[in-house]
Amino acid sequence: MNASSSANATPSPASGAGRPVAPTPGAASAPNAKLAELLSLAGRRVLVTGGSGGIGLAVVELLRVAGAEVWSVDLAGAPPPPGAIVKPCDLRDKAALARVVHEAQAAGGLDALVHCAGITRDRVLWKLTDDDWDAVLDVNLDAAFRLLRAAAPILRARNGGSVVLVSSINGERGKFGQANYAASKAGLIGLAKSAARELGRFNVRVNVVAPGMVRTAMTEGLPPDVLRTAQDESALGRIAEPADVARAVLFLSSDLARHVTGQVLRVDGGQLMA
Ligand SMILES: NC(=O)c1ccc[n+]([C@@H]2O[C@H](COP(=O)([O-])OP(=O)(O)OC[C@H]3O[C@@H](n4cnc5c(N)ncnc54)[C@H](O)[C@@H]3O)[C@@H](O)[C@H]2O)c1
């Protein structure tokens with residue numbers, strides 16, 4: 001067998017092997033261009049609640065990279081996410097939230113929503129106060145309902161759009177010490193599935209992202225053994241970064257997911273598989 005007939009033989013420098021393969025003009029760039037188009041949110045206005053938080057900030061950053069104009073709704077005094085249009089608003093204030101949606105309508109409408117704001121008030125059930133329950137349900141679930149209700153006519157009129165509600169795997173499996181939080185996150189799933197059925201005929205998609213443990217301010221104070229358990233539960237053997245969740249939000253908000261609605265997308269490294 002001589003060198004030129006062997007597929008595994010080391011080619012001579014004169015053969016050109018080792019040089020990068022030149023792309024066929026036009027052919028290689030077309031699929032990439034199409035992919036960029038499918039992921040693009042250029043010309044779209046997206047309202048993100050909790051945009052100053054760990055996951056919210058990553059969502060704002062990635063949606064902006066995809067070309068969206070992002071309105072970040074978070075508490076007054078929360079650090080403003082760079083590049084976003086900041087709308088200070090306490091989501092528990094019904095009138096203030098309605099004003100923000102009205103402003104968006106006046107500015108030309110809304111194309112997508114991401115409800116990312118959330119709080120915890122962890123205690124075992126028999127120690128949970130009414131206030132612990134109400135506070136968590138108010139921000140995590142009631143605000144999502146009020147936001148969706150206010151934005152639905154805008155999205156319907158536009159005849160297209162996407163809503164992503166950030167839930168948690170603990171809304172699916174329950175969690176010791178989190179009856180209020182888990183109930184609020186389970187409620188988001190029912191809300192999203194119902195809204196998906198009601199808004200589907202208007203080409204508005206409604207989905208849920210359910211993260212497992214993510215490294216943010218919400219989890220940094222947890223005891224090390226809780227973090228270790230989450231890491232051990234994960235098939236990937238790690239705790240998520242906020243950007244991992246943001247990628248799923250971008251997928252669901254983009255035209256790549258145009259036939260996806262009423263779904264719960266877990267972003268948990270395989271922490272919960274059922
Ligand atoms: N970190 C995790 O491990 C994890 C896991 C699963 C789900 N989640 C969910 O992801 C979302 C984001 O969590 P995070 O870890 O980034 O938390 P975070 O505490 O970093 O961010 C939450 C954001 O919500 C805002 N917020 C709270 N109350 C508000 C109110 N009344 N009005 C307006 N804004 C308010 C906060 O100011 C903050 O910017 C939450 O819904 C959380 O439940 C987080």
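This is a predicted model: local features need pLDDT of at least 70, side-chain atom pairs count only at pLDDT 80 or more; totals for chains, interfaces and linings use all residues.
Residues are numbered from 1 along each chain as its sequence is written.

Back to the pair. Helices here are DSSP runs of H or I with at least four residues, strands are E runs of at least two, and both are numbered from the N terminus. Axes are lines fitted to C-alpha atoms, for helices over the stretch in contact, and angles run from 0 to 180 degrees between N-to-C directions. K94, L97, A98, V101 and Q105 of helix 3 meet A143, R146, L147, A150, A151 and I154 of helix 4, contact meaning C-beta atoms, placed from the backbone, within 7 Å. These residues divide into eight nonpolar, one polar and two charged. Nonpolar means Ala, Val, Leu, Ile, Met, Phe, Trp, Tyr, Cys and Pro; charged means Asp, Glu, Lys and Arg; the others, Gly among them, are polar.

Next, helix 2 and helix 9. Helix 9 is residues 242-253, and the two pack at about 50 degrees, axes 8 Å apart. That makes helix 2 oblique to helix 9. On the helix 2 side the contact includes G54, I55 and L57, and on the helix 9 side P242, A243 and V245 are among the residues. By class, this contact has 12 nonpolar, two polar and one charged.

Seven strands form an open sheet, order 3-2-1-4-5-6-7, with parallel pairing; two strands pair if DSSP finds at least two bridges between them. Strand 3 (85-88) and strand 7 (264-267) are the edges, each pairing on one side only. Strand 2, residues 69-74, is joined to strand 3 by four bridges. One partner of S72 to note is V86 in strand 3.

Last, the ligand. Which residues are closest to it? Of the 26 residues that surround the ligand, the closest are G50, G53, G54, G118 and T216, where near means a C-beta atom, placed from the backbone, within 6 Å. Helix 2 (54-65) and helix 7 (217-220) each supply at least two residues of this shell. The shell has 14 nonpolar, nine polar and three charged residues.

Terms used
Two residues are in contact if their C-beta atoms, placed from the backbone, lie within 7 Å. Angles under 35 degrees count as roughly parallel, over 145 as roughly antiparallel, 65 to 115 as roughly perpendicular and the rest as oblique.
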